[in-house]
Amino acid sequence: MNSIRRLFMRSTRNTKYRLQMTIMIIVISLFVLFVYTQRQEPVEHEELAEKPIFVPKKARAVEHTPVVETVVSDSTNCAYKSCPKLDDDEHVVNVHVICHTHLDPGWLNSVDGYFFGINHDRGANNGGRPHRHTMPSVLTIFNNVMGALLENADRRFVMVEMSFIWRWWKRLDEDYKRIIRKLMDEGRIDIAGGSWTSNDEAVSHYAAMIDQSTLGFRFIKNELRTCSQPAVAWQLDLFGHGREINSLFAHMGYDAILFGRLDYQEKEQRTNERTLQMVWKVNENAPENERWLFTGILPNLYHPPETLALKSDVAGSLLRPSDTDTMQESASIYSKRLLEELKKQHERYQSKNIVVVYGGDFEYEDATQYFQNVDAMISTINSIQNKTDSKYKFNVHYSSPTCFTYALSKEKRSWPPREGDFLSYAHRAHAFWTGFYTTRPGIKFYERSLGALYQSLRQLSIYADHVNFNELFQLAEVMGLLQHHDTITGTSPMINIADALQRMHQAEMLGRKMTLSLYQHILTPTATANWSAPLIFCQLNESYCDPLSKLDKKFSAIIYNPSSVANQVWLRIPVADDQVMTLDTNTVEKSSIDAQEIGTINLSPHLLGIPLVSKRTQLRELIVRVQVPPLSLQAVPFLITKSSQQADKPTPSSTACSIENQNYVIKVDGKGSIISIKVKSISKTLSFKQTFGHYTSASSDHISHQSSGLYVFRPIGTGGPQLVDIKEFYCVKRKGYEEIVQIYPQFVNQSIRLLDNSSSIEFEWVTGRYQANMEFVTAYQSDDLDNDGVFYTDSSGRSLMKRKRNQRDGYNFTQSENSAGNYFPLVTGILLRDKKKDLQMSIVTDRAEGGGSVQDGQIEIMIHRRVITDDSLGVSEVLNEVGIDNQALVVRGRHLVAITKVEEGMKFFREHALKSVWKPIIAFRNDSNDQPLDYKSWSLLKTELPPQVNILTIEPIAQEKNVLTVLFRVEHFYEPNEHSTLSKSVTLNVNKIFNNHKVLDAKEMTLGGNMYKSQAFQRLKWTRDATPDDSKGREETPAFDGETIELYPMQIRSFVIKLEKR
């Protein structure tokens, strides 16, 4: 060391000294190179020793790599204006620290229970005493986070669920709101997502998703910040991701979606190939700027790296050397561990921007300490790196989903494309999350019925020119909460499900009150007093209505059709033993009502097992067919006389029989099973059978530790379901109405109906009272149809997804469950095609269900389940719903089945899918003591719509004197090439849409209804890796001229229209 010291002390003018320095530099360089090489080799060997499930693709030679010209990405979205400046040194990796709290507005607790930090189950019957704080409170979290943000201007935080923010916001005074708005405008509070809830992407219908997003955007714009368009969809906790919902995200103006759950096989493959960030083709039919959505998979779901949490009850206080004089500092040790994790993460992502998420379920109640720990980590880890010579340095800083996305878009590189969707999801072999597609079918049906009521009330409010904005908001808020990914899915314990049912019931009662008021304005406009009695709303799914049994003179059925498609409504009105009920044909003819009485029939035997609160006294039904035009209200008069009549007991059939209408002939054998269907339109008879059966739910066993449960469907064994045999059957024939009734020994009964001039076969089943661990399915099969493993399911009720048995989009898939692994969500239905024969079997569901084509020529659909095993995914409660009879829950449901040529089948499927969602609203009025109704047909439409056009939204949003402002959405609901005529573009005139209203002004809006289209932000551009088929999208639709609306296939356009009542 002394000789070295002397070398440096010698004069630089000495020639010998310069020679010695040169030699020393060479020796030291060789020594460093040797040490570096020795240190690197073990790491390389360690990586080679690992055996990944998927072998990464070989790197292509440079000369064979397609040259992709990167585009300059920029956006006019004001959300990016406050992002921090990044280090653009090529040897620096920017680490975006995102602080968030994952808030579920209903999961293990109710939305209010979570908001106040109270166990809802205990608080429901508290006797008025103060509630105890038993869990983290969202109210406290928000308040504490705001205080922590004000302590340090560098800190940032993500806020997501508007349903929680709205509950908090309305408790604040204006001074505090101004402070928070400033934080939002500065980007220190980042609004990610922006919808009312983080909606499910598998079983939510696209219209409900648009509505709840609009509700959130409106709240942001009116209350929170002027920059009302969120840039990123923050869908962290979902159980798979659907294409249609993300197409709508792109249409709304989102630049990206970030999420955490990716099928375990795809994640393994993408990790090996370093393709965990991609550009997803979410809409093949849209213009280029709406076809693609950047998609990023977060590294640890929505948590920090394992064992590196910083919340205070885990990490305590992270102390820097500058924080303490006498205590041991801890930030250095933590930061070095995190630094190693960052190096690993950088290897998994081909990006100079990576992310670390700090947060979890209902975290940051300890916001001050949590942020102090993050502060300590950031300053320490950046300080440590200034003293190292590593290849890369990590610039760690506070960020947000918005700023992380913006930073990625600035990278001069291309991204791999992804097509298809991310369904169905599995977190390991034998663990497919396909059970929740059917879980709790009752709440799924109730949500759809309530959605139809909400849609109807918005439309009726406009026609009546009588809008109660507060009541409409209450309905919208409930519908928004229902779309949450732990509610509509049914994947919550009964604490939250019971709360959701209570909210739905309250919303339904409010909706009935609103309906009465609106009908009074429309049907008796000259009346000086309100109707003397409330409307009668029957639970017609029970085929029982006690208030109707008390009527003795005359009444009216009032039907509203909220769909844009004319609806042939079949009224089935319960009739008491002492009543004779008939259609008032004189008034029907006088008022030109399109209605026909089929007759009074005995209550079908398959309905007698439906449990009721009281004894069933109505054993007959009056069947009446009523044709109701689109968006129209029709009242239908009836007469009642008192006469004692007993229902005859039907006699079971003992021989084969058939039923028939204008389109089909169905034959059953001597046991009541369908053996063939004749399709009259093509003069062909196809073999056909329809069966019921059940799988047995699996528990942990020698094959897998995974059990079936609320989320997961895993049956025992690899075979099909155990079939249930028919006990007896009935053939019922009446002009215009024929049915086969099948009675089974247990679990299910069914009616198979052919109605007058109906284009479908109606399969209506009543099922329930299951034994433990039964997953109940029905299957439709024809040996004369060969689909070669291909079938089609709807994506959120809109576009169709092509499915291939035992395959997935975008990655190498290995099947581990023959049935569960081939199930997909059916929001409105499923299709099966035989291309050679040009035949299609179409099935339309009445609620979201799960199903698929498990074997050729067959469609299998799960309709109900009772699972007494826990899939160990967080709920810790089994699926054991009980009905009013204290037995396993009974549900009633319906499938509409059509077998046709493919083009005809697409018309059937599209129209009936609409009608299954926007179902008619049926009410009854006692006419004995009130002014007679005006029985003419009332319509919101001035002229008939083109057959491929659906009015998606007509929502009143403001009123000033006699001018009503509405949000109006209209869509083309066919895809390209589905139909020779209906898949063509179409135009309509905005001035010819509204009946009894004059259009004063119309301006086009973005899909979310929060920005004028002319002022919409330009979305970020992402360069894609070159692919063989990389065609551009269709041309942009011409700008709206104030009058003509042009629609190409699958296009949705939104407008704000000012209307004046004529």
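A polar contact here is a pair of N or O atoms within 3.5 Å; within protein, one atom must be able to donate a hydrogen and the other to accept it, and residues adjacent in sequence count only if both atoms are side-chain atoms. By that rule, 7 residue pairs, both residues at pLDDT 80 or more, are in polar contact across the interface of domain 2 and domain 3.

The model on screen is predicted, so local features need pLDDT of at least 70 and side-chain atom pairs count only at pLDDT 80 or more, while totals for chains, interfaces and linings use all residues. Residues are numbered from 1 along each chain as its sequence is written, and side-chain values use heavy atoms, with hydrogens and water left out.

**The domains**

Colour the chain by its domain assignment, whose bounds come from an automatic or database source: domain 1 covers 91–121 + 134–422, domain 2 covers 690–917 and domain 3 covers 949–1061. Where domain 2 and domain 3 touch, 9 residues of domain 2 and 13 residues of domain 3 are in contact, meaning heavy atoms within 4.5 Å. The C-alpha centres of these two domains are 35 Å apart.

**The interface of domain 2 and domain 3**

Together the two domains bury about 990 Å², 53% of it on carbon and sulfur atoms; buried area is the accessible area (1.4 Å probe) that two parts lose on being put together, summed over both.

The interface holds 3 salt bridges, each defined as a side-chain nitrogen of Lys or Arg within 4 Å of a carboxyl oxygen of Asp or Glu. Select E971 and R798 to find a salt bridge with an N to O distance of 2.9 Å. On the side of domain 2 that touches domain 3, helix 21 (residues 902–917) gives the most, with 6 residues; helices (H or I, at least four residues) and strands (E, at least two) are DSSP runs, numbered from the N terminus.

Now show the 6 strands that form an open sheet in the order 22-21-27-34-33-30, with antiparallel pairing; two strands pair if DSSP finds at least two bridges between them. Strand 22 (722–723) and strand 30 (824–826) are the edge strands, each pairing on one side only. Within the sheet, strand 33 (residues 849–852) and strand 34 (residues 858–866) run antiparallel and are joined by 3 bridges, and G852 has E860 of strand 34 as its bridge partner.

Among the 55 salt bridges of the structure, select R155 and D375, whose closest N and O atoms are 2.4 Å apart. R155 lies in the loop between helix 5 (138–151) and strand 2 (157–159) and D375 in helix 14 (residues 367–385), so the pair ties together parts that are 220 residues apart in sequence.

Go next to the peptide bond from L423 to S424, which is cis with omega near -5°; S424 sits in the loop between strand 10 (417–418) and helix 16 (441–464). Finish at L631, in the loop between strand 15 (620–628) and strand 16 (632–642), where phi is positive, about 45°, although L631 is not a glycine.
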